[in-house]
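Subject: Handover of a structure and the findings on it

Dear colleague,

Please find the structure below, which I am handing over to you. I would be grateful if you would read the notes that follow alongside it.

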Amino acid sequence: MEKISRQDLLEWDRTLVWHGFTQMAEYEPFVIERAEGCELIDLDGRRYLDGVSSLWCNIHGHRHPRIDAAVREQLDRVAHVTNLGASNPTTIRLAKRLVDLAPDGLQHVFFSDDGSTAVEVAVKMALQYWRQRPDPQPEKSCYLALGHAYHGDTLGSVSVGGIDRFHAMFRPLLFETCRVPVPDRDRPPEGVSAENVCRYYLDQLEEVLAQHHARLAAMVVEPLVQAAAGMIMHPDGYLRGVRALTRKYNVLLIADEVAVAFGRTGRMFACEHEQVSPDLMCLAKGMTGGYLPLAATLATGEIWNAFLGTAAEGKTFYHGHTYGGNPLGAAAAMATLDIFDEERTLEQLPAKIARLAERVERIARLPHVGRARQCGMIAAMELFEDAVAGRPYPSAERRAQRVCEHARRHGVWLRPLGDEIVLMPPLAISLEQIDRIAEAAEQGIRAVTET
Ligand SMILES: *Cc1c(COP(=O)(O)O)cnc(C)c1O
């Protein structure tokens with residue numbers, strides 16, 4: 001292979017590659033050539049601890065021998081089989097494994113290739129379900145979502161999304177979605193106490209459901225934590241309340257677990273914290289351990305049954321992706337789940353979550369830090385010019401970004417979400433590595449707020 005200079009790579013990265021969610025006029029290349037465990041290695045051989053799990057998808061570390069071997073073995077069999085009218089053993093076994101693990105009632109698996117498509121599939125299934133079930137309700141063709149929701153970047157998932165900065169531009173292309181305020185446990189509305197905040201948001205939800213249920217096909221929620229919204233955490237009991245109300249008003253519940261599944265919150269699925277079984281559940285990011293694009297939309301028997309009939313009846317779900325359920329991704333996912341058993345990943349988490357909590361508490365004591373919060377292996381905090389008065393820094397100062405740049409110079413990769421600093425390491429992280437990530441964040445915050 002022709003030897004390409006480091007300089008050419010950086011130049012092409014800046015000028016040829018159009019990076020997602022990135023202002024290319026300001027982009028500074030960050031090029032990772034290799035990785036080992038929880039460390040990323042750049043073109044110059046510099047090492048960075050991965051403090052954001054390769055954007056929230058890595059679980060067991062990079063280059064895990066078990067997953068590497070599983071993908072190689074699958075390569076020796078077959079790399080691609082369409083799932084339109086065909087299948088392969090690895091994908092079938094993964095479907096069985098997911099159904100066995102998932103909350104009760106989710107018995108069927110529709111495979112696609114990323115989180116956006118998993119949500120797109122759920123949205124389309126919900127609409128078609130209401131048209132085809134034994135007593136059809138075709139007027140149910142709207143969706144209900146939370147404020148600041150993020151469910152992906154395809155038009156259906158953007159339609160149920162609600163982050164203006166990302167989504168407002170595309171409004172002419174979107175379908176209408178009803179919205180309830182974001183149930184932010186850490187920023188309760190004026191005059192609402194912490195004990196009442198769950199009830200307050202559920203009451204608001206019930207008002208909307210009471211008024212619009214006849215038109216609503218489904219409500220979409222990210223259980224427990226709204227990740228891309230800025231790691232917004234819901235009050236305890238909210239998800240359980242959502243499940244009870246969606247049942248009461250005959251609206252399907254779509255749980256978008258793309259960011260929170262596979263141990264991220266301390267349990268395999270976030271829904272387990274509140275013993276909730278949704279009607280549809282979307283999985284992607286961590287499913288392959290963060291290796292390969294693969295996603296799944298799990299559905300109940302009731303939904304599945306509404307799509308059964310002869311081909312001539314037209315009840316088929318006319319949706320499918322070329323790489324949906326691809327065997328390489330399925331092999332990585334099977335190995336990822338095997339490692340959960342073999343390395344007792346979930347049992348190791350409480351100690352790591354406690355260590356992260358200790359460190360977050362420490363960071364929270366810094367004078368310019370506010371709203372420090374945590375759910376499982378997700379922690380976030382905000383920088384304030386005046387934390388007591390709750391006055392943030394002007395966002396043009398990009399303080400959170402600067403904290404992350406500082407951390408990177410000290411060997412830790414963090415990526416902010418707007419003004420939020422996020423710590424979301426792979427589940428395989430060690431206690432000592434948690435300390436190093438938190439230390440880098442703390443030092444970065446000191447450097448950026450004490451000047
Ligand atoms: C990342 C994410 C998506 C989109 O997944 P992609 O694989 O990036 O398409 C959807 N929902 C949630 C909650 C996410 O965090």
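The notes below take up the ligand, the aromatic rings and several individual residues in turn.

This is a predicted model, in which local features need pLDDT of at least 70 and side-chain atom pairs count only at pLDDT 80 or more, while totals for chains, interfaces and linings use all residues. Residues are numbered from 1 along each chain as its sequence is written, and side-chain values use heavy atoms, with hydrogens and water left out.

The ligand

Which residues are around the ligand? They are Trp56, Asp114, Gly115, Ser116, Tyr150, His151, Gly152, Glu222, Asp256, Val258, Ala259 and Lys285; a residue is near a molecule if one of its heavy atoms lies within 4 Å of it. By class, this shell holds 4 nonpolar, 4 polar and 4 charged residues. In that scheme Ala, Val, Leu, Ile, Met, Phe, Trp, Tyr, Cys and Pro count as nonpolar, Asp, Glu, Lys and Arg as charged, and the others, Gly among them, as polar.

An oxygen atom of the ligand lies 2.6 Å from a polar side-chain atom of Ser116. For Lys285, an N or O atom in the side chain is 2.6 Å from an oxygen atom of the ligand. A nitrogen atom of the ligand is 2.7 Å from an N or O atom in the side chain of Asp256. Taken alone, the ligand exposes 390 Å², and the protein buries 85% of that; accessible areas come from the Shrake-Rupley method with a 1.4 Å probe, and for residues only the protein chains shown count as cover.

Aromatic rings

A search of the whole structure finds 10 aromatic pairs. Rings of Phe, Tyr and Trp (its six-membered ring) pair if their centres lie within 6.5 Å; planes under 30 degrees apart count as stacked, over 60 as edge-to-face and the rest as tilted.

The rings of Phe30 and Trp413 are a tilted pair, because their planes stand at 45 degrees, with the centres 5.8 Å apart. This pair links distant parts of the chain, 383 residues apart: Phe30 is in the loop between helix H1 (6-15) and strand E1 (32-36), and Trp413 is in strand E16 (residues 412-413). Helices (H or I, at least four residues) and strands (E, at least two) are DSSP runs, numbered from the N terminus. Both Phe30 and Trp413 are buried; buried means under 20% relative accessible area, exposed over 50%, and partly exposed in between (1.4 Å probe, protein chains only).

The rings of Tyr143 and Phe175 have their centres 5.6 Å apart and their planes at 45 degrees, so this pair is tilted. Here too the pair links distant parts of the chain, with Tyr143 in strand E5 (residues 142-146) and Phe175 in the loop between helix H7 (164-167) and strand E6 (177-180), 32 residues apart. Tyr143 is buried, at a relative accessible area of 3%, whereas Phe175 is partly exposed, at 33%.

Ring pairs also link Phe21, Tyr150 and Phe166 into a cluster.

Individual residues

Met231, in the loop between strand E8 (225-226) and strand E9 (232-233), has a phi near 50 degrees, a positive value in a residue other than glycine. Is Met231 buried or exposed? Met231 counts as buried, at 0% relative accessibility.

Arg344 also has a positive phi, of about 50 degrees, although it is not a glycine. Arg344 is placed in the loop between helix H11 (327-342) and helix H12 (345-364), and counts as partly exposed at 47% relative accessibility.

His234 lies in the loop between E9 and helix H9 (238-248) and is buried, at 8% relative accessibility. Its side chain makes a polar contact with the side chain of Gln226 (2.8 Å). A polar contact is a pair of N or O atoms within 3.5 Å; within protein, one must be able to donate a hydrogen and the other to accept it, and residues adjacent in sequence count only if both atoms are side-chain atoms.

With kind regards
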